[in-house]
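Hi,

Here is the structure I said I would pass on. Have a look at it first, and then read my notes below.

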Amino acid sequence: MTASTAHENSLLTTASNSAPDTTSAPTLPDGWLAVESLDIDAQGIARRPDGKVVFIEGALPSEHVTVNVHRKKNNWEAGTVTAVHRESSQRVRPGCPHFGMHAGACGGCKMQHLHEAAQVAVKQRVLEDNLWHLGKVKAETMMRPIEGPAWGYRYRARLSVRHVHKKGEVLIGFHERKSRYVADMKVCPVLPPHVSAMLLPLRQMIFEMDARETCPQIELACGDDVTALVLRHLEPLSEGDLARLRAFAQQHGVQWWLQSKGPETVKLLDTGGPELSYSLPEFGVTMPFKPTDFTQVNPFINRVLVTRALRLLDAQPHERVIDWFCGLGNFTLPIATTAGEVLGIEGSETLVARSRDNLARNQMGRSKPLAPTAFAARNLFDMTPSQLVGDGVAQKWLIDPPREGAFALAKAMADLHQNPSHRGAWTPPQRIVYVSCNPATLARDAGLLVHQAGYRCVAAGVVNMFAHTAHVESMAVFELDPSRVPGADEAPSEEN
């Protein structure tokens, strides 16, 4: 999300609050600002006496601060806190030495200075504000947030690598805050402890390599039992470098993969090792995957997420379910433990092939076979009503799209609702569970489903997949309203 988009969303968030009561507000010294709330990018929001909005990095609600303004527009300013004169009760000591507003600070996290419970509350507010302001939708019930470990949870990460001649060393980590430079990270508490502990040895090994100038990235992918590191290298590696990688793997218990060009070139350095996989024990499912496949960053949250999604979906043995954007089958295979029939649809042929393989593996040795399950590859960003009808009737849907959302799918649903003659014998699903990694696109799609496709948003809630970041993962549940007349729905009027 661009800075301008974040600011626009912030203004929406601010607009949802009533104006400050200036008659009872204390008079602050010149240059001080009273912080009212946080925006979607974890910036404090304050107002100058003339009403101009100021976005402040490092400031928290209820604090009195002074600010170094570095950007000005007609109706807003942006800056960084320089001093906190009255501290929020929710302010805490960051758990990482590289977090902060100082020069060179790591930009991987944005909310370590805010209590973990307050972080979740902020994300819940962002979800509610986006649903209302962008979709004119209010969930009938707000679900309890899904939370998990706040440290050591990040089992996937893309780490930049840079040989810095002036420092005479290699840096490996996330970018600095608002910078293209690589942060000088010696530890990273959001990574698994064993990965954090190997950052310095990894830096030293890359520094000793012949290819230290041509290895720009290392991608981390942890399974239940395997830690995979994918080394992006722009030139062929020397025998000496390959020997260094093998020695590092032996010492630190990692599995090296090499990537010379695009994702299709990723291959194991040495074959024959254990397989990269994660499990969903509640469903008796194990999911092998390649280190560049999409999997959830936080495996602890993912297990709870899948369990709650399936409980909300409530698929019955007589029902057919479609899992849109199914990926490797993270939801598809668990759904197949209760539904009568399942169809998983994904845009990537590679992932579809992987999901079919995972289905075959997980069918073996089960006391109760998985339901008949099929997978298909289709461009879900170019969905049409006729294609939707062609996929057949399903009583339940699960939708788990990327950040772009599922607009084409929701639009096709709306078109069929507005034009019942185009449906034929097709009927829409009675229930939809929508898992989202972007509250703005969820809100947009929710607006279509509720106001143009005949659904009610019966529940919504946040999923704290990325603790200490401003990333908002969420889930919403939609129920078909049989009383709705096609084309007759209207958006609710604006409320205070």
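Let me start with a question: which residues of α5 are buried? They are D241, L242, L245, F248 and A249. Before I go on, please keep in mind that this is a predicted model.

Looking down the axis of α5, you find those buried residues within an arc of 125°, so they line one face of the helix. Over on the other side of α5 sit E239, Q250 and Q251, which are exposed. As for what covers the buried residues, α4, β9 and β10 are among the elements that do it.

Helix α5 (residues 239–252) lies across β9 and β10, and runs at about 150° to β10. The sheet itself is open and has six strands, in the order β7-β6-β8-β9-β10-β11, with mixed pairing. At its edges stand β7 (169–173) and β11 (267–268); each has a single partner strand, so one side of each is left without a neighbour in the sheet. Strand β10 (residues 255–259) pairs with β11 in the antiparallel sense, over two bridges, and W257 has L268 in β11 as its bridge partner. Helix α4 (residues 199–208) lies across β6, β7, β8, β9 and β10, at about 135° to β7.

There is another open sheet to look at. Seven strands make it up, in the order β16-β15-β14-β17-β18-β20-β19, and the pairing is again mixed. Here β16 (373–377) and β19 (455–463) are the edge strands, and since each has a single partner, one side of each lacks a neighbour in the sheet. From one strand to the next, the twist averages 15°.

Within this sheet, β17 (residues 396–399) and β18 (residues 431–436) pair in the parallel sense over four bridges; K396 has R431 in β18 as its bridge partner. Helix α2 (residues 116–135) packs on the sheet, touching β19 and β20, with its direction at about 155° to that of β19. Helix α8 (residues 349–363) packs on it as well, touching β15 and β16, and its direction makes about 170° with that of β16.

Best wishes

Definitions and conventions: Residues are numbered from 1 along each chain as its sequence is written. This is a predicted model: local features need pLDDT of at least 70, side-chain atom pairs count only at pLDDT 80 or more; totals for chains, interfaces and linings use all residues. Side-chain values use heavy atoms; hydrogens and water are left out. Two strands pair if DSSP finds at least two bridges between them. Axes are lines fitted to C-alpha atoms, for helices over the stretch in contact, and angles run from 0 to 180 degrees between N-to-C directions. Contact means heavy atoms within 4.5 Å. Buried means under 20% relative accessible area, exposed over 50%, partly exposed in between (1.4 Å probe, protein chains only). The arc is that of the directions from the helix axis to the C-beta atoms.
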